[in-house]
Amino acid sequence: MGIAIFFVLALLAAGAIVYPLLPGRVPAPLAPAVTDGEIEAAVRKLRRARAGGGRACPACGEAYQPGDRFCVRCGGALPADDQGKSPLPPAGPGCPSCGAALQEGDKFCAKCGYTLHDEEVA
Amino acid sequence: MILAEIGYGALLLALAAALWATIASILGAQQQRPELVTSARNALFVTAGLSTLAALALLALLLTKNFGVAYVHDHVSTYLRPAYVLAAFWAGMEGSQLLWLWMLAIFTALLVLRRPTWDRQLRPYAMAVLAFTQAFFALLLVAISNPFELLPMLPAEGVSLNPLLQNIWMIIHPPIIFAAYALWTIPFAYGLAALVTGKLDSGWLLGVRRWSLAAWSTLGIGILIGALWAYLELGWGGYWAWDPVENSSFIPWLVGTAFLHSAIIQERRDMFRAWSVGLVTLTFLLTVFATFVTRSGLIQSVHAFAQSAIGYYYLGFMGLILAVAIGLMLARTRELRGSGQLGDLVSREFAFLVTNLLFLGSAGAILLGTLWPTFTEAVRHVSATLTAENYNRFMGPLGLLLVLLLGLCPLIEWRRTSAERLLRNMWIQVAVGVVTAALLLLFGVREVWVVAAFAVVAFAAATIELQWAAGVVTRMRTAKENLFVAAIRASYRNRRRYGAQIIHVAILLIVAGVIGSQAYQDEVQVVLAKGEQTEVGGYTLVYKSYTYGQPEEHGNKVRNAALVELYRNGRLLAVMEPERNLHSNVDGTVTEVALLTTWKEDLYLVLAGLEPDGQAAFQVLITPMVLWLWIGGLELILGTLMAAWPAASRSATVTVPAGGESTGQQAGTSIRHRAARR
């Protein structure tokens with residue numbers, strides 16, 4: 001009796017495992033070499049670099065735009081030389097602290113340094 | 001006996017399926033053959049089903065009290081209450097390992113149930129690690145500690161469960177601990193997958209963040225429940241004795257805590273990549289080690305090691321995992337180098353590094369202390385055990401240093417902070433600490449370390465409260481909200497941060513409870529005849545009546561109990577009935593304590609002895625602030641839920657509406673955050 005049940009279980013298990021391997025099944029493709037997140041990050045970086053005209057945060061190297069006072073990546077203070085308007089259009093939501101426009105991917109507000117990525121624990 | 005056969009058969013098949021899942025997922029990823037990965041995924045569902053079947057079979061055998069099965073015979077009896085049959089499931093090595101396997105298989109199935117998203121590349125390798133771990137436990141169960149092993153005869157009665165384990169908290173403590181161990185396997189599996197694929201940026205950390213949080217807090221709660229059980233059941237008035245079993249679960253918790261903090265640094269500053277992977281590997285290995293230590297008796301005696309080959313299985317598995325992890329880390333040295341640089345000596349990165357080192361150091365010291373008797377026995381043939389005082393001597397200062405850092409870290413900025421800026425940031429907190437110390441001195445506390453410890457806790461608590469207050473005030477100003485709305489919204493919108501802060505407050509509550517209870521436990525022993533009374537710490541205990549040598553019907557227990565009325569200022573607070581019983585299956589007597597808990601202190605009444613003529617010896621312990629530990633535990637759950645609440649977990653990516661217009665909305669309310677999983 002126990003043996004019979006064992007064989008039934010074994011058959012069921014084998015079926016589930018072998019089924020995807022049968023010819024004619026079209027499986028979902030595996031991961032591409034580059035993930036969406038990586039592409040998005042690269043695009044963000046490029047967009048920022050173009051808008052900033054070659055300015056880079058002295059601490060982390062992230063590109064910034066004229067008028068920014070804090071690095072949007074590391075939150076570090078930026079050299080206060082460039083005054084002027086940001087060439088990027090104000091895009092949607094504002095900083096909860098000062099209301100300045102934010103860009104996708106910002107971790108810190110570029111104007112007041114408010115920590116958007118304000119998360120102290122994993 | 002058919003149930004035993006089915007259970008064992010299910011384990012055999014689960015072992016085969018888990019091995020296949022390991023091989024198929026690795027091959028599938030290496031050769032880009034998705035059908036193999038799908039097959040591995042199905043195999044993982046199969047192991048989940050089969051281990052569930054095995055667990056149900058064992059449960060059924062225990063419930064039907066089938067004494068022909070050795071495990072059932074050893075852990076239950078005809079008179080064992082049905083609720084404790086559950087506790088019997090995980091009372092021994094075999095059942096514990098089955099529980100481990102079962103939980104791991106269920107969590108793995110839940111994980112792979114979701115289609116891969118962020119983890120498309122990592123998933124097959126993570127599956128392989130999870131499947132391999134399942135295969136290890138299945139192998140143990142099949143080959144060396146079979147819970148379905150049959151006895152050559154059919155005994156009429158079982159040994160029954162140790163009465164110390166017959167406690168409501170012992171029903172839930174082990175499953176919580178093993179669930180935590182199984183949960184830790186998932187972040188570890190992804191860490192290893194990140195090593196294999198070389199995708200060592202913070203992607204995997206963010207992806208498994210909720211699993212890590214769940215694992216961490218489950219383990220913390222499990223440890224606290226274990227402490228609660230020890231306090232209620234062991235009858236010595238304490239909750240923590242630094243015994244090997246307690247230590248073995250505390251060590252991975254410490255290392256896991258370091259992992260969580262290291263993950264934040266990696267996420268924020270792209271540093272500590274090697275730390276994160278290394279710490280999660282270590283945490284996992286320590287959970288396996290803990291399982292082994294708890295049930296094998298290795299610490300009690302090295303000779304336990306030789307009695308069964310199981311130790312070699314565990315050592316082999318841990319050695320293999322360690323070798324693979326170290327090998328991969330060496331091969332990935334380049335990818336393990338993050339872009340962030342360690343800042344100044346006074347920078348938050350550095351403070352976190354010190355925190356991590358302290359956590360790791362504490363874990364290492366406790367591990368060494370735990371293994372010390374084994375070492376000395378092996379080398380000098382005398383087992384030398386460390387006392388609780390030994391542990392307290394180094395863990396006290398280390399713990400306080402960590403609490404100090406908990407209060408200091410948020411005040412230190414990333415990269416660097418000037419000394420005057422730091423001082424400006426923290427004078428209020430320092431003042432709170434000093435005032436606390438002064439008040440304690442004023443109220444007659446004279447022990448320097450108690451004053452210092454409470455001052456440090458107050459300092460840290462002040463930092464957390466001030467941070468929160470600052471967030472609320474900012475909101476009130478910028479979003480023009482009233483205090484109440486601002487408080488709710490500030491916390492709600494930053495759940496991850498404030499969830500963490502709630503957890504930190506919970507830890508502070510627990511630390512305060514530990515300090516209070518360690519410093520001021522008051523112990524009195526009295527012998528009373530029936531009708532006599534005594535005064536202890538402002539309470540009046542009146543010994544009213546007793547029960548001597550009353551055998552329990554349908555049981556293995558002879559009951560001795562004393563009935564005591566507890567008064568304070570002439571008011572009846574409680575009727576307490578401590579017991580000291582004889583059980584047929586253990587040597588000596590087992591106490592059941594009576595307890596009165598208030599937020600200020602616990603009155604813990606132990607019946608130390610009872611003579612046939614009713615003369616009773618009582619041990620009365622008054623321990624301050626024990627309740628704070630349990631409240632801290634509840635708050636820990638709350639904080640974790642808040643930090644991990646799905647919609648709140650965000651990658652801080654601001655969603656830009658198509659077209660990029662509309663800034664007209666009120667500042668602060670228009671931010672939408674995208675969920676971390678993309």
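Predicted model: local features only at pLDDT ≥ 70, side-chain atom pairs only at ≥ 80, totals over all residues.

Trainee: How do I read a pair of packed helices?

Mentor: Two numbers describe such a pair: the angle between the axes and the distance between them.

Trainee: Which residues meet where H1(A) and H1(B) touch?

Mentor: From H1(A), the list includes A:Ile3, A:Phe6, A:Leu9 and A:Ile17. From H1(B), it includes B:Glu5, B:Ile6, B:Leu13 and B:Trp20. By class, the H1(A) and H1(B) contact has 12 nonpolar, 2 polar and 1 charged residues.

Trainee: Now a pair inside chain B. At what angle do H7(B) and H9(B) cross?

Mentor: At roughly 155 degrees, with the axes within 8 Å. H7 of chain B spans residues 168-197. Angles over 145 degrees count as roughly antiparallel, so H7(B) is roughly antiparallel to H9(B). The crossing is left-handed. The contact of H7(B) with H9(B) has 22 nonpolar, 5 polar and no charged residues.

Trainee: H7(B) also packs on H13(B). Is H7(B) parallel or oblique to H13(B)?

Mentor: Start from the numbers. H7(B) and H13(B), residues 310-331, pack at about 40 degrees, with axes 9 Å apart. That angle makes H7(B) oblique to H13(B). The crossing is again read by its hand: H7(B) passes H13(B) in a left-handed crossing.

Trainee: What does each helix bring to the contact of H7(B) with H13(B)?

Mentor: H7(B) brings B:Phe188, B:Leu192, B:Leu195 and B:Val196. H13(B) brings B:Ile321, B:Ala325, B:Leu328 and B:Met329. By class, that is 8 nonpolar, no polar and no charged residues.

Trainee: Next, single residues. Is B:Thr218 buried or exposed?

Mentor: Compare its relative accessibility with the cut-off. Buried means under 20%. B:Thr218 has 19%, so this residue counts as buried. B:Thr218 lies in H9 of chain B, residues 209-233. Beyond its neighbours within four places in sequence, B:Thr218 is in contact with B:Ile176, B:Ala179, B:Ala180 and B:Leu183.

Trainee: What about B:Asn392, and where does this residue sit?

Mentor: B:Asn392 is in H16 of chain B, residues 388-408. Its relative accessible area is 32%, so B:Asn392 is partly exposed. Leaving aside neighbours within four places in sequence, B:Asn392 is in contact with B:Trp242, B:Pro397 and B:Gln518. B:Leu27 gives a distance to compare with sequence: B:Asn392 and B:Leu27 are 365 residues apart in sequence and 50 Å apart in space, C-alpha to C-alpha.

Trainee: Which residues does B:Phe350 touch?

Mentor: B:Phe350 touches B:Leu342, B:Asp344 and B:Leu345, not counting residues up to four places away in sequence. B:Phe350 is in H15 of chain B, residues 348-380. With a relative accessible area of 23%, B:Phe350 is partly exposed.

Trainee: How do I read phi?

Mentor: Most residues other than glycine have a negative phi. Look for exceptions. B:Gln32 has a positive phi near 55 degrees. B:Gln32 is in the loop between H1 and H2 (34-63) of chain B.

Trainee: Where is B:Asp270, and what is its phi?

Mentor: B:Asp270 is in the loop between H10 (244-269) and H11 (273-296) of chain B. Phi of B:Asp270 is near 50 degrees, also a positive value. At 14% relative accessibility, B:Asp270 counts as buried.

Trainee: Last, the whole chains. How many helices and strands does chain A have?

Mentor: Chain A has 2 helices and 0 strands. Of its 122 residues, 41% count as buried. Among chain A contacts between residues at least 6 apart in sequence, 25% join residues at least 24 apart.

Trainee: Which domains are assigned in chain B?

Mentor: Domain 1 is 1-166, domain 2 is 167-411, domain 3 is 412-519 + 629-644 and domain 4 is 522-628. The centres of domain 1 and domain 3 of chain B, taken over C-alpha atoms, are 43 Å apart.

Note on methods:
Residues numbered from 1 in each chain as written. Chains lettered and ligands numbered in written order. Heavy atoms only, no water. Contact = heavy atoms within 4.5 Å. Helix = DSSP H or I, 4+ residues; strand = E, 2+ residues; numbered from the N terminus. Nonpolar A, V, L, I, M, F, W, Y, C, P; charged D, E, K, R; others polar. Domains from an automatic or database assignment. Buried < 20%, exposed > 50% of the residue type's maximum accessible area, 1.4 Å probe, protein only. Axes fitted to C-alpha atoms, helices over the stretch in contact; angles between N-to-C directions. Parallel < 35°, antiparallel > 145°, perpendicular 65-115°, else oblique. Left-handed = near helix turned anticlockwise from the far one by under 90°.
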